[in-house]
Amino acid sequence: MNQTRQDIPQHEVRVAVDDLERFMVEVLHRAGSDEASSTAVTRALVTASRMGTDSHGLRLLPHYVNALQGGRIQGSPAMRFTRRLPATGYLDAGDGFGHLAGYTAMAHAVDMAEEVGMGAVAVGHSSHFGAAGCYALAAAERGMIGLAFCNSDPFVLLHDGLTPFHGTNPIAFAAPVEKQAPYLLDMATSSVPWNRVQQYGAIGRELPDQVAADAEGNVTRIPADVAALLPLGGSDFSFKGAGLGGVVEVLSSTLSGMLNGFRLLPMGGPDMSTPRGVGHFFMALNPAAFVDSATFSSCLSEYLGDLRAQPGIDGAEILAPGDREWRCQARRDAEGVPLDSANQEAYAALADSFGVQPLRRLA
């Protein structure tokens, strides 16, 4: 039976991680995705949602299904990896899901790092890959330092620029920490992500200063007036964020021979049939290639201990990159992953369209 908007509860509900995984894999498979692609997309989206990165988590599933069914993304891509030098390679992602490309490329990078100390893989003919931190984390889970980069279509001004040029172009870095969760940094090179503008607009809240601009390039705090994001550093020091966005662009599109972000088709469409040709770049570093493992572990643990012991303003707790995410993950693993009313409606529609058992709500 079809569910209408009125049938969908308008309050937040929570679902178990394993049930969310079950649902995603089934929907993607029935939409035309092979097992490897369905598993990779699910792994990335659930990882992001568990850590509280809701903008790149479960809410993206309907978009990916649309792109898959429209022909933009190949559900069974013919990926091809070429190792060009002992520590470098190129992965042609075959216009498949960026998540499968990301995990595959990082696995190749780690394999090379285990052999020769480091590995770097450029990826071409790919698509949106979700949260960059997922792939840096995959390296850390195998004992390596991992870095991940990706370009995207334009949302962000240049320094003193009038129109968007770079995407939010994320940088992710992860390092393994002995007997602790990894150190994990996943950041956009814009002052805020685009979803923050949408979120603040939905609740009628003004944006912080120096994070967004209107169509004339003037800084604005009114979400409805935002035409572009500012790079890290705000209007006075945005050359820093714009420079970092450019670094990501060179690594992602230039090394892979893909279009730069300014020339990419918009992620949101309306064209959902033409592959976008997104580029990524991944690197894995083997700590044992630079210093013995015990020294690396102790030095990193000491650094993090010193960092977390620093005094905070008005007694605030000082957190290392990743600390907030791991706490959120523990809480959501225990209590369930939240779905707001919009996602409840979207997931109910997917269940109905593909004949998949709906998500089970936790009490």
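## Aromatic pairs and a cluster

Rings of Phe, Tyr and Trp (for Trp, the six-membered ring) are said to pair if their centres lie within 6.5 Å. In this predicted model, Y103, F129, Y135 and F282 form one aromatic cluster, and a search of the whole structure finds 11 aromatic pairs.

One of these pairs is made by F23 and Y347, whose rings are stacked, with 5.2 Å from centre to centre and 25 degrees between the planes. The pair links distant parts of the chain, since F23 belongs to helix α1 (residues 17–31) and Y347 to helix α10 (residues 341–354), 324 residues apart. F23 is buried, with a relative accessible area of 0%, and Y347 also counts as buried, at 3% relative accessibility.

Y64 and F97 have ring centres 6.0 Å apart and planes at 85 degrees, so this pair is edge-to-face. Because Y64 lies in helix α3 (residues 61–70) and F97 in the loop between β3 (88–92) and α4 (98–116), the pair ties together parts that are 33 residues apart in sequence. Both Y64 and F97 are buried.

## The chain as a whole

The protein chain contains 10 helices and 13 strands. Its radius of gyration is 21 Å, close to the 21 Å that the globule rule gives for 363 residues, so the chain is as compact as a globular protein of that length. Of the 363 residues, 50% count as buried, and among contacts between residues at least 6 apart in sequence, 68% join residues at least 24 apart.

## Surface and charge

The accessible surface of the protein chain comes to about 16800 Å², of which 54% belongs to carbon and sulfur atoms. The chain carries 26 positive and 39 negative charges, and the mean positions of these two groups are 2 Å apart.

Note on methods
Residues are numbered from 1 along each chain as its sequence is written. This is a predicted model: local features need pLDDT of at least 70, side-chain atom pairs count only at pLDDT 80 or more; totals for chains, interfaces and linings use all residues. Side-chain values use heavy atoms; hydrogens and water are left out. Helices (H or I, at least four residues) and strands (E, at least two) are DSSP runs, numbered from the N terminus. The radius of gyration is taken over C-alpha atoms; the globule rule is 2.2 Å times the number of residues to the power 0.38. Buried means under 20% relative accessible area, exposed over 50%, partly exposed in between (1.4 Å probe, protein chains only). Contact means heavy atoms within 4.5 Å. Accessible areas come from the Shrake-Rupley method with a 1.4 Å probe; for residues, only the protein chains shown count as cover. Lys and Arg count as positive and Asp and Glu as negative; His and the chain ends are not counted. The place of a charge is taken as NZ of Lys, CZ of Arg, CG of Asp or CD of Glu. Rings of Phe, Tyr and Trp (its six-membered ring) pair if their centres lie within 6.5 Å; planes under 30 degrees apart count as stacked, over 60 as edge-to-face and the rest as tilted.
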